[in-house]
Amino acid sequence: MLYQALTAVFWILSALSALATAQTASNASLLDPSLYKDVNVSRGLVYHYYYSPPSQVGKPTLLLLHGFPSTSYDWRHQIAFFQDKGYGLVVPDMLGYGGTAKPVDPEFYKSSLISRDMVDLLDAESVNEAIVIGHDWGSKIVGRLANYFPERFSAFAFFSLGYFPPAVLERSYAELNNITEQVFGYGIFGYWGFFSKEGADNIIESHLDSFFNVTFPADNIVWITDFAPLGALQAWLEADKITAAGSYITPEERALQIDAMRDEGMTAALCWYEIMTSTIERDDNQGIPQENLTIKKPVFFGAALEDYVAVAASQIASILQVSENTTTIQQYDSGHWVMLEAKDQVNSDLLSWIENL
């Protein structure tokens, strides 16, 4: 009886220890909610953002901009790293995501307007000059900040997607996609058509497991066959296909992100694509001052060599054409989600670049 009692106690203690470990891991994966703030930008929209002021004298503030289909949580590894180094951080949920406003009219998503929103966030925290770092559509906004507000930034960093030249959109979406099919053998922007289609939000929301895994895949080749080409992603989702998700996202992180997509819906986030397949973004770009089409301050580009949409070679060529200052290029053996998949190297390279500005 004593042996059985001791055995029971042992298993209870083991279970409690495992639970405590799991809770610690869960807490570690979340960004500190007490450091999030909300502000009304000048056009009346609420932005939800993570803010931590510099904790060391002389350290600049970093503005980190995520892309589709994510939130500020995309930058969790960089936030922890640079906050520990004493840097200031402003990390918004971009328009249409997370705790930020979610208008469903694509007109709200013009790059000129979102660029102004980003400057409003800096103004709210009395940050006169920052270093801006973007990924995916966040990189597009980095480029537009260089176009519209170069005086507010000391340097510009892009990951996966480089500088998105306004001239690209002088062609129609269909023509642009056909050109990429001729160059790469598949239309790398084909999925834009699906994301811009009425009802795409419902299809994604009905197949979130399928959508998440093909968006964050373990095998990046699936983007060539079942993500990028015209009609491929819709067919994949409607068949409810599943591929393995990348190991750079833990099961816990995956669950958090899928729950966020389910709770928030996808309608607003897809507006980032509707402006690209219509004339909204092209027309908006007409307001860029011609003298600001090139970037005159230091640039960093992190190329993902296994990104089969933002193809590294074309992105490198693009960014070299528009930068008049020192351009630092690092290449990573990763897919699109370079700041997750190659987080340690990305953090080290960014730190070295920033320290040498």
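What covers the buried residues of helix α14? I shall come to that after a word on the model. This is a predicted model, in which local features need pLDDT of at least 70 and side-chain atom pairs count only at pLDDT 80 or more, while totals for chains, interfaces and linings use all residues. Residues are numbered from 1 along each chain as its sequence is written, and side-chain values use heavy atoms, with hydrogens and water left out. Helices (H or I, at least four residues) and strands (E, at least two) are DSSP runs, numbered from the N terminus.

To the question, then. The cover over the buried residues of α14 includes β6 (153-159), β7 (299-304) and β8 (327-332). Buried here means under 20% relative accessible area, exposed means over 50%, and partly exposed lies in between, with a 1.4 Å probe and protein chains only. Helix α14 spans residues 312-322, and its buried residues are Ala312, Gln315, Ile316, Ser318, Ile319 and Val322. Seen down the axis of α14, these buried residues fall within an arc of 165 degrees, so they line one face of the helix; the arc is that of the directions from the helix axis to the C-beta atoms. On the other side of α14, Ala313 and Gln321 are exposed.

Let me turn to the sheet. Its 8 strands form an open sheet with mixed pairing, in the order β1-β2-β4-β3-β5-β6-β7-β8. Two strands pair if DSSP finds at least two bridges between them. The edge strands, β1 (36-40) and β8, each pair on one side only. On average, neighbouring strands of this sheet are turned by 20 degrees against each other, direction ignored.

Lys37 has Tyr49 of β2 as its bridge partner, and Val39 stands opposite Tyr47 in β2. Strand β2 also pairs with β4, again in the antiparallel sense, over 4 bridges. In β4, the bridge partner of Tyr49 is Pro92. Of the 7 residues of β2, 6 are buried.

Which strands does helix α16 (residues 343-355) lie across? They are β3, β5, β6, β7 and β8, and the helix runs at about 155 degrees to β6. Axes are lines fitted to C-alpha atoms, for helices over the stretch in contact, and angles run from 0 to 180 degrees between N-to-C directions.

Helix α16 also packs with helix α2 (residues 76-84), at an angle of about 45 degrees and with their axes 10 Å apart. The two helices are therefore oblique to each other; angles under 35 degrees count as roughly parallel, over 145 as roughly antiparallel, 65 to 115 as roughly perpendicular and the rest as oblique. The contact (heavy atoms within 4.5 Å) is made by His77, Gln78, Phe81 and Phe82 of α2 and Lys343, Val346, Asn347, Leu350, Leu351 and Ile354 of α16.

A further helix pair is α8 (residues 208-215) with α11 (residues 251-264), packed at an angle of about 125 degrees with axes 11 Å apart. That angle makes α8 oblique to α11. Residues in this contact include Phe211 and Phe212 of α8 and Ile258 and Met261 of α11.

Finally, Ala101 has its place in the loop between β4 and α3. Not counting residues up to four places away in sequence, Ala101 touches Leu45, Val46, Leu95 and Gly96.
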